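Me: I have a protein model open and want to learn how to read it. Can we go through it step by step?

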Amino acid sequence: MNRRNGFRASALLTAMMFSTASLAADIAHQTDYSISLAGLPLARATFHTELEKNRYTISGTLNSAGLVDIISRTSGQTRVSGVIGNDHLRASQYSMSYRSGRKSRAISVTFRNGNVVRASMTPKRNPLPKNWVPVTSRDMRNVLDPLSGLIIPGKSRVCPNTLPIFDGESRLDIKLSPRGTRAFKTRGFNGEVIVCGVRFVPKAGYRKGREDVEYLRRLETMEIWFAKAETVDVYAPVYVRIPTKLGPVTVSATRFGG
C-alpha cells in the first residue's frame with residue numbers, strides 16, 4: 001500500500017473517531033488527537049462537545065501536519081447533533097467538509113430514528129465508476145453516523161459489537177472483537193482501557209476492488225482502545241492502530257477529559 005493510499009486508509013477510520021470527546025452533563029468540553037505514520041506526524045484534530053440534557057452536539061476540525069502538510073495541505077470540519085439513546089447516540093444531523101490540495105467535498109446527512117431521510121454530497125461523483133457498489137434504501141436503515149457512532153453507553157457491551165455506519169456516501173460495518181485491557185495515560189485520563197480488534201466490512205458506496213478499501217477489508221490486526229468517560233457513563237476511543245507497509249498509522253488522544 002503506497003503512501004497516498006496509506007493516508008486515505010487511515011483517514012477513513014480516523015473520520016470515524018471524530019466523536020471521541022468526553023461527554024459531561026450541561027458543559028462544553030475539548031479533546032485533542034495526534035495522528036502519525038511510523039512516528040511521523042500526519043495530522044492533528046480537535047473536538048468540542050456540548051451536552052444539554054439528553055441532546056448532544058459535537059464539532060471537530062482536522063488539519064494535516066508534517067510532511068503531508070508540505071506535499072498537500074489537508075483540512076476538514078465536521079459536526080453532528082442528536083439525542084442520547086439507551087444503546088447508541090442517535091444523530092439527527094451530520095455534516096462533513098474537507099479540502100485536500102485543490103480537491104474539496106461537502107457531505108450532509110439527516111437522520112430520523114436511526115434511518116437516513118436525506119443525504120447530499122457536493123460535488124457528486126458523476127459519472128459513477130462501472131465497479132461502483134450502489135447504496136440502496138435498505139442500506140440506510142438503522143445506521144449510525146461516523147462521529148457519535150463510536151461512543152458506547154457504559155451499560156452496553158463495547159466488544160464484541162457491530163456498528164453499522166453510513167457517512168453520507170458509503171455504508172460499512174465496523175466489527176469489534178475483544179482483545180483484553182491495557183493501561184493508558186494522557187492528559188485528563190489515567191487508567192485501564194478496553195482493547196477491541198477491528199474488522200472493516202464495506203457494504204455499499206465504494207469502488208469494488210479499490211486498493212485502500214480492499215487493504216482495510218483484509219486487515220485483521222487493527223485495534224481500537226476505549227476509555228470510560230465517568231461523567232456520563234460512556235466509552236469512547238482514545239487510541240487506534242492501523243498497520244500499513246510503511247509502518248503503523250496511530251491516532252492517539254493527547255487530551256481526554258480534564
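Reply: We start with the whole chain and then turn to aromatic rings and one serine. Keep in mind that this model is predicted.

Me: How many helices and strands does the protein have?

Reply: Count three helices and 16 strands.

Me: What share of the residues is buried?

Reply: Of the 258 residues in the protein, 52% are buried. The exposed surface comes to about 12,800 Å². Carbon and sulfur atoms supply 49% of that area.

Me: What share of the contacts joins residues 24 or more positions apart?

Reply: Take the contacts with a separation of 6 or more. Residues 24 or more positions apart account for 55% of them.

Me: Now the rings. What describes a pair of aromatic rings?

Reply: Two values: the distance of the centres and the angle of the planes. A search of the whole structure finds five aromatic pairs here. Take F184 and W225, whose ring centres are 6.2 Å apart. Their planes meet at 85 degrees, so the pair is edge-to-face. The cut-off for that label is over 60 degrees.

Me: Where in the chain do F184 and W225 sit?

Reply: F184 is in strand β11, residues 171-186. W225 is in strand β14, residues 222-229.

Me: Are F184 and W225 buried or exposed?

Reply: Buried means under 20% relative accessible area. F184 has 9% relative accessibility, so F184 counts as buried. W225 has 10%, so W225 counts as buried too.

Me: What kind of pair do W225 and Y239 make?

Reply: Their ring centres are 4.5 Å apart. The planes are at 45 degrees, so this pair is tilted. Y239 lies in strand β15, residues 234-242, and W225 in β14, so the pair ties together parts 14 residues apart in sequence. Y239 is buried, as is W225.

Me: Which residues do ring pairs link into a cluster?

Reply: The cluster holds F184, F189, W225, Y239 and F256.

Me: What does the side chain of S148 make a polar contact with?

Reply: Its partner is the side chain of D145, at 2.5 Å. Find S148 in its loop, then trace that contact to D145.

Technical notes:
Residues are numbered from 1 along each chain as its sequence is written. This is a predicted model: local features need pLDDT of at least 70, side-chain atom pairs count only at pLDDT 80 or more; totals for chains, interfaces and linings use all residues. Side-chain values use heavy atoms; hydrogens and water are left out. Helices (H or I, at least four residues) and strands (E, at least two) are DSSP runs, numbered from the N terminus. Buried means under 20% relative accessible area, exposed over 50%, partly exposed in between (1.4 Å probe, protein chains only). Contact means heavy atoms within 4.5 Å. Accessible areas come from the Shrake-Rupley method with a 1.4 Å probe; for residues, only the protein chains shown count as cover. Rings of Phe, Tyr and Trp (its six-membered ring) pair if their centres lie within 6.5 Å; planes under 30 degrees apart count as stacked, over 60 as edge-to-face and the rest as tilted. A polar contact is a pair of N or O atoms within 3.5 Å; within protein, one must be able to donate a hydrogen and the other to accept it, and residues adjacent in sequence count only if both atoms are side-chain atoms.
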